[in-house]
Amino acid sequence: DWTMAEFRQAKIAEIRAQVGSGRVICGLSGGVDSAVAAVLIHEAIGEQLTCVFVDHGLMRSGEAEQVVSLFRGHYNIPLVHVDASTLFLSGLAGVTDPEAKRKFIGKTFIDVFEEEARKIGGAGFLAQGTLYPDVIESVSFTGGPSVTIKSHHNVGGLPERMNMALVEPLRELFKDEVRALGRELGLPDVFVGRHPFPGPGLAIRIPGEVTRERCDILRKADAIYLDEIRSAGLYDAIWQAFAVLLPVKTVGVMGDGRTYDSVLGLRAVTSTDGMTAAAFEFPGGFLPRVATRIINEVRGVNRVVYDYTSKPPGTIEWE
Ligand code: XMP
């Protein structure tokens with residue numbers, strides 16, 4: 001049995017032994033895992049680390065700003081902010097298959113990291129906040145032959161050939177352990193307590209084709225949903241909550257006019273590790289209030305539905 005303080009010291013020694021005097025690029029996704037990995041690695045090797053935040057245009061509202069201010073302001077860890085939204089969104093044009101989206105995004109992240117590595121004169125290592133569940137879910141054993149449920153962008157989504165060796169200090173941890181380590185490292189509570197957000201971002205919450213316009217619609221709806229969850233004091237009772245923009249249009253009526261717009265799905269689950277999950281039961285009146293706000297405030301959405309599927313047989317994300 002180890003405590004987080006011991007784990008921290010053991011990992012620091014391990015990272016130093018692996019990296020030596022080499023340079024490391026750490027990709028920040030905006031989530032807790034990569035932030036904890038970056039702070040730990042920075043503690044181990046200081047200036048040998050360069051953090052790169054790749055904005056793929058698939059972030060939630062305000063996410064990019066929060067990460068940049070945490071790293072530059074709170075930690076004073078140098079951070080390169082790459083706006084790669086055009087690269088990602090143009091590459092996603094016409095792509096509708098969930099695994100094709102994931103593979104494209106995983107590969108494009110690596111392309112951007114390799115380019116940033118070149119700019120700093122080369123880096124032998126790429127650090128990621130990969131967790132144990134990312135590893136097992138990318139190759140899932142169901143008793144028979146192994147079946148991939150989803151290629152997590154940082155595991156099964158990686159290209160086969162890479163120039164950099166991986167540094168993954170969180171690879172044997174579950175989410176609650178990463179949060180404990182984050183607190184041990186002094187990350188602010190609001191950051192450590194954030195809901196998980198997948199590396200492929202909004203792309204896997206827009207079944208069908210991902211466009212900048214659909215990302216904007218989803219971002220607005222998602223922000224309203226989370227805003228209402230926070231005001232109701234429910235944020236910490238939920239493992240993860242988000243909206244999904246469906247490629248289905250339905251007929252509605254607003255004022256004296258007919259509407260023909262997209263359906264939005266709302267998802268909220270409880271879970272301890274993301275491996276299994278149950279739909280969250282909101283108090284009465286909450287979901288109708290959110291639905292009304294979204295339909296009134298977000299152009300392009302005229303119907304809202306709630307997803308009651310547990311995992312299994314569903315998964316948390318829709319793709
Ligand atoms: P699923 O949808 O497989 O998700 O039930 C389980 C948990 O993993 C997150 N998730 C990802 N996280 N890269 C990540 O960093 C990914 O590619 C990825 N896919 C899913 C998901 O948000 C949930 O918390």
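The centres of domain 1 and domain 2 sit 28 Å apart, going by C-alpha atoms. This is a predicted model, and domain 1 covers 4-192 while domain 2 covers 211-306.

**Where the domains meet**

- The contact between the two is even-handed in its count: 9 residues of domain 1 are in contact with 9 residues of domain 2.
- On the domain 1 side of that contact, you'll find 4 nonpolar, 2 polar and 3 charged residues.

**The chain as a whole**

- In secondary structure terms, the protein chain carries 10 helices and 9 strands.
- Its radius of gyration is 20 Å, close to the 20 Å that the globule rule gives for 319 residues, so the protein chain is as compact as a globular protein of that length.
- If you want a box for the C-alpha atoms, think roughly 70 × 50 × 40 Å along the principal axes.
- Of the 319 residues in the protein chain, 37% are buried.
- Take the contacts with a separation of 6 or more: 74% of them are between residues 24 or more positions apart.

**The ligand shell**

- The ligand has 16 residues around it, and the closest are Pro196, Pro198, Thr315, Ile316 and Glu317.
- Sorted by class, that shell comes out as 4 nonpolar, 7 polar and 5 charged residues.

**The annotated stretch in helix α2**

- An unreviewed UniProt entry lists Ser29, Gly30, Gly31, Val32, Asp33, Ser34 and Ala35 under "binding site".
- Val32 belongs to helix α2, which spans residues 32-45. There are 24 other C-beta atoms within 10 Å of Val32, and 20 or more is the cut-off for buried, so Val32 counts as buried.
- Leaving out residues up to four places away in sequence, Val32 touches Val178, Arg179, Gly182, Phe191, Val192 and Arg194.
- Ala35 is in helix α2 too, and with 28 other C-beta atoms within 10 Å this residue is also buried.
- The contacts of Ala35, again skipping residues up to four places away in sequence, are Leu28, Leu70, Leu187 and Phe191. Phe191 turns up in the contact list of Val32 and in that of Ala35.

**Backbone geometry to check**

- The peptide bond between Lys311 and Pro312 is cis, with omega at about -15°. Pro312 falls in the segment after β9, the strand at 301-306.
- The next link along is cis as well: from Pro312 to Pro313, omega is near 10°. Pro313 lies in that segment after β9 too.
- Asn76 is not a glycine, yet its phi is positive, at about 60°.
- You'll find Asn76 in the loop between α3 (63-75) and β3 (79-83). With 9 C-beta neighbours inside 10 Å, and 12 or fewer being the cut-off for exposed, Asn76 counts as exposed.

**Val80 in strand β3**

- Val80 is part of strand β3. It has 14 other C-beta atoms within 10 Å, which makes Val80 partly exposed.
- Residues up to four places away in sequence aside, Val80 touches Thr50, Cys51, Val52 and Glu116.
- Val80 and Ser138 are 58 residues apart in sequence, and their C-alpha atoms are 29 Å apart in space.

- Met164 is in the loop that runs between α6 (132-138) and β5 (165-167).
- Met164 and Phe125 are 39 residues apart along the chain, but their C-alpha atoms are separated by 4.8 Å.
- Phe125 also shows up in the contact list of Met164, which reads Ala117, Ala123, Gly124, Phe125 and Leu126 once neighbours within four places in sequence are left aside.

Conventions: Residues are numbered from 1 along each chain as its sequence is written. This is a predicted model: local features need pLDDT of at least 70, side-chain atom pairs count only at pLDDT 80 or more; totals for chains, interfaces and linings use all residues. A residue is near a molecule or strand if its C-beta atom, placed from the backbone, lies within 6 Å of it. Ala, Val, Leu, Ile, Met, Phe, Trp, Tyr, Cys and Pro count as nonpolar, Asp, Glu, Lys and Arg as charged, and the others, Gly among them, as polar. Domain bounds come from an automatic or database domain assignment. Two residues are in contact if their C-beta atoms, placed from the backbone, lie within 7 Å. Helices (H or I, at least four residues) and strands (E, at least two) are DSSP runs, numbered from the N terminus. The radius of gyration is taken over C-alpha atoms; the globule rule is 2.2 Å times the number of residues to the power 0.38. UniProt positions are given in the numbering used here, feature names are shortened, and annotations may be inferred rather than shown by experiment.
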